[in-house]
Amino acid sequence: MSKNPTFRATKNFHLQFLTVNSRDTSVIPCVHLFFDSKRYIFGSIGEGCQRAILSQQLKLSKIKDVFLCHGGRVLLESPSSLSSSSVSSVSSPGPLTNTESNSKVDWWDSCGGLIGFLLSMNDACDLPQGENPFTLHGPSEIHYYMSCMRHFTYHTNVDLTIQGYTASSAPEYVDENIRVTPVVISLPSSGRKRKYSDSPALSSTDTTSATSDSTPHWFTHSSNDTAFVVDNALYNTPPPLEEQSPQIFISYIVQSHPSPGKFDAKKAKSLGITKGVDCGKLAKGESITLDNGSTVYPDDVIGSPVPGSTFFFIHCTHESLIDNLIQQPQWSTAPEPVCIIHSVSDEVFNNQKYKQWITSLSTKASNILSPTKAIETVNYPRSASAITALNMLDDSSFPLGKNCHQGNLDSLKRDGFVIACPKMKFMFGKNPGIEYPEAGMDVSQLRNNISEEKPDYKGLVTKSQLLNSSLNLPKDFAGSEIQFCTLGTGSAMPSLYRNVSSNFVKIPKRTSGRDNDSAKVVSSTNNILLDCGEGTLGRLARQYGDSLNDEISSLKWIYISHMHADHHAGVIGVLKLWFSISSTSSKLFLCGPPQFESWLEDYSKLDKLDLSRIVFLSNSAVRRDRSLTDADQIKYRMLLQELDFASFETVAAVHCPFSYCTQFTGNEGWKIAYSGDTRPSEEFIEIGTGATVVIHEATLEDSMQEIAVRKQHSTYSEALRVGQRMNAKSIILTHFSQRYPKLPEVNLTDQQLNVALAFDGMCFKAYEIPKFRNYIEPLAHLFTDDGVTDC
């Protein structure tokens, strides 16, 4: 966009923190800059960003430019592969060796939420195609990152442009509201880099970057029997990456345009200007000719322009980069800022050289620190409030976890700076300054408010608890102690109350051990994830708090039912934590459509993922109507042995291409059936017959049968009939449409099947599912007319 000196300033605008580093959001802050005409984001689009936008009641479709601040490549020294040829190495892989880097942030921190963000923005655009401009500014590798997502993203409505920055090329951006100057520094690469010229997806001869311009690319895609690229994807095949592409850290100088000077009426009169229309032209910057033939120019009657407001967004996580940062020439020519946002590590912020430099930039600016250490905060207050209300009903089935925290605003104020928190604003204009959000309520306050707003709820809770205490819940069947935690129970995109699909299953295992020379049985679990939508790791962190690492260390298997992003966009975040805390000799099984393997392989060329520790088995390989290849047979047997399974198989779901339903059976005799997304399926009923627990999608109410057929989902009654025809012991209904954000109206009065309606964070052991029937009455009362108080 070209520079235009006639841009008129907007005096009153503000920035607002969407996210800061917390249990369920990125270490890099996400800052929303608000003007009447359009909105901008600076920092990151990490996991949970789009849900934070919704939670803070902002409009996604108004955001037109995103300025990311972290990029480049963080790679392993040795190649890794998910191919069958690597199976022999996964049982005893070499140590995880990174190139020398102290980085605490990576690609996923910068744009892990971009998948869902773009898909939601595409759906939110309310203008005709061709009238929804959207630009991603940031590291040049964004082109490559976008191409990695070719299997599951589409951009039919969004007119996407990418402006890639490198250490040597970072052009200014100017529009009707602001001028943005990128300041790029880099972390020098060291160590031997992996070579990619032999990759079949890349050119063997052309290794120059094709990613620095702003035009989306189409590349030829070689089709095969597993090819699946969504219509209108931005890319088909990834563009080549540079052989050496260091990590870059992008800071931004953001200036609003100057305001016109004040019109001098007395001087205008002295020059013979008497017509109001002439005054108006001069005020607009136009010259006029008087009756006597003399020309009056705007500068003759208008004072000097009033400078606009400036803020700095500084991103630097390495002390070693401070010298490089402060020597950049853009700082010396920038206007004095009224606000400085510090996206820096504690080591950088406390460095004396950095502090002196900040003081030299301005002694009056408000300094806001977004720390790299996670802070306790509530990002999704309605969800936290709902969990608090459910916890009053049953504290074991609806554990409180780390969902609520009393916000003490005084603790945000330090000597000379302020700690950023969600919803904090900085107001620009005549009286610039920080505007603090209202303090959140603690758990006891929330409970008191719920009791006041719903006075009958407490009595219904007591009634429900008495009914459940009198239940005879047998535990003597196979799989009775398996625990099901429904982490995300919504569909398509997150909502105020429900996140997207994810189910955490904890399967007990028994091992003999000795303590003080006496034999005893030590309990532990094999943990699995059935789908893993965006925000899964954050939900686990809320659920298990300080025990998160223990739960992830026990993770053995991730199953992805299909390539819709709401079912898998959280896998990378989970993998990155698993890699960092698990033993280098351990392995993780991952089953999904063939395209998911491609997504991981492509992404691993950009970020550090030691895929030699992953055993990938395609869902299509274990279809019951197919025979396993020799290589897949090895992986299949490894999975059965590691998880103590007797069988595992899939059938094609009635949904999108490469979509699967599954069942897996333990050697103790239990069976779990998982539908993924599907219309009622005869094949699924066959393989799920006799299931201990069925987890089935129930996206739409019964009155929306026609829409369910068109979108290839199930209604409530259809899902229940599937469970009944399977002769299943229990069924958990989940994946509810955003139309039903709180309690779906499912008729359970005449059901012989044990049924539970899933909520985010709900945990039941298999034998406990019959308790849910007694929750219906208090839940119906609780969620009538939005009877849940927000934090």
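Colleague: What makes α19 largely enclosed by the rest of the structure?
Modeller: 8 of the 11 residues of α19 are buried, so the rest of the structure largely encloses it. Buried means under 20% relative accessible area, exposed means over 50%, and partly exposed lies in between (1.4 Å probe, protein chains only). The buried residues in α19 are Pro594, Gln595, Phe596, Trp599, Leu600, Asp602, Tyr603 and Ser604. This is a predicted model, where local features need pLDDT of at least 70, side-chain atom pairs need 80 or more, and totals for chains, interfaces and linings use all residues. Numbering starts from 1 along each chain as its sequence is written, and side-chain values use heavy atoms, leaving out hydrogens and water.

Colleague: How many helices and strands are there in the protein chain?
Modeller: The chain has 24 helices and 32 strands. Both are DSSP runs, numbered from the N terminus: helices are H or I with at least four residues, strands are E with at least two.

Colleague: And what share of the protein chain counts as buried?
Modeller: 58% of its 791 residues.

Colleague: Which strand partners β20?
Modeller: β20 pairs with strand β32 (residues 762–765) in the antiparallel sense, over 4 bridges. Two strands pair if DSSP finds at least two bridges between them, so 4 bridges qualify.

Colleague: What is the strand order in the open sheet of 6 strands?
Modeller: The order is β26-β27-β28-β29-β30-β31, and the pairing is mixed. β26 (645–652) and β31 (754–757) are the edge strands, each pairing on one side only. Neighbouring strands are turned by 15° against each other on average, direction ignored. Angles run from 0 to 180 degrees between N-to-C directions, using axes fitted to C-alpha atoms, for helices over the stretch in contact.

Colleague: In which sense do β28 and β29 pair?
Modeller: Strand β28 (residues 671–674) and strand β29 (residues 693–697) are parallel, over 3 bridges. Ile672 has Val693 in β29 as its bridge partner.

Colleague: Where does helix α23 lie?
Modeller: Helix α23 (residues 716–725) lies across β29, β30 (730–734) and β31. The helix runs at about 155° to β30.

Colleague: Why is the pair of Phe42 and Phe311 called edge-to-face?
Modeller: Rings of Phe, Tyr and Trp (its six-membered ring) pair if their centres lie within 6.5 Å; planes under 30 degrees apart are stacked, over 60 edge-to-face, the rest tilted. Phe42 and Phe311 are 5.8 Å apart centre to centre, with 85° between the planes, so the pair is edge-to-face. Phe42 lies in strand β3 (residues 39–43) and Phe311 in strand β13 (residues 310–316), so the pair ties together parts 269 residues apart in sequence. Phe42 is buried at 1% relative accessibility. Phe311 is buried at 2%.

Colleague: What kind of pair do Trp108 and Trp599 form?
Modeller: A tilted one: 6.5 Å centre to centre, 55° between the planes. Trp108 lies in helix α3 (residues 107–111) and Trp599 in helix α19 (residues 594–604), so this pair ties together parts 491 residues apart in sequence. Both tryptophans are buried. The aromatic pair count comes to 42.

Colleague: How do you know that Lys729 lies over the face of Phe477?
Modeller: A charge sits over a ring if NZ of Lys or CZ of Arg is within 6 Å of the ring centre and within 35 degrees of the ring normal. Lys729 is at 4.5 Å from the ring centre of Phe477. The charged end of Arg498 sits over Phe759, 5.0 Å from the ring centre.

Colleague: What makes Cys532 count as buried?
Modeller: Its relative accessibility is 0%, so Cys532 counts as buried. Cys532 is found in strand β22 (residues 518–532). Contact means heavy atoms within 4.5 Å. Beyond residues up to four places away in sequence, Cys532 touches several residues, including His567, His568 and Val571.

Colleague: And Ser147: buried or exposed?
Modeller: Buried, at 0% relative accessibility. Ser147 is in helix α5 (residues 142–148). The side chain of Ser147 reaches the backbone oxygen of Tyr144 at 2.6 Å.

Key:
Polar contact = N/O pair within 3.5 Å; in protein donor to acceptor, adjacent residues only side chain to side chain.
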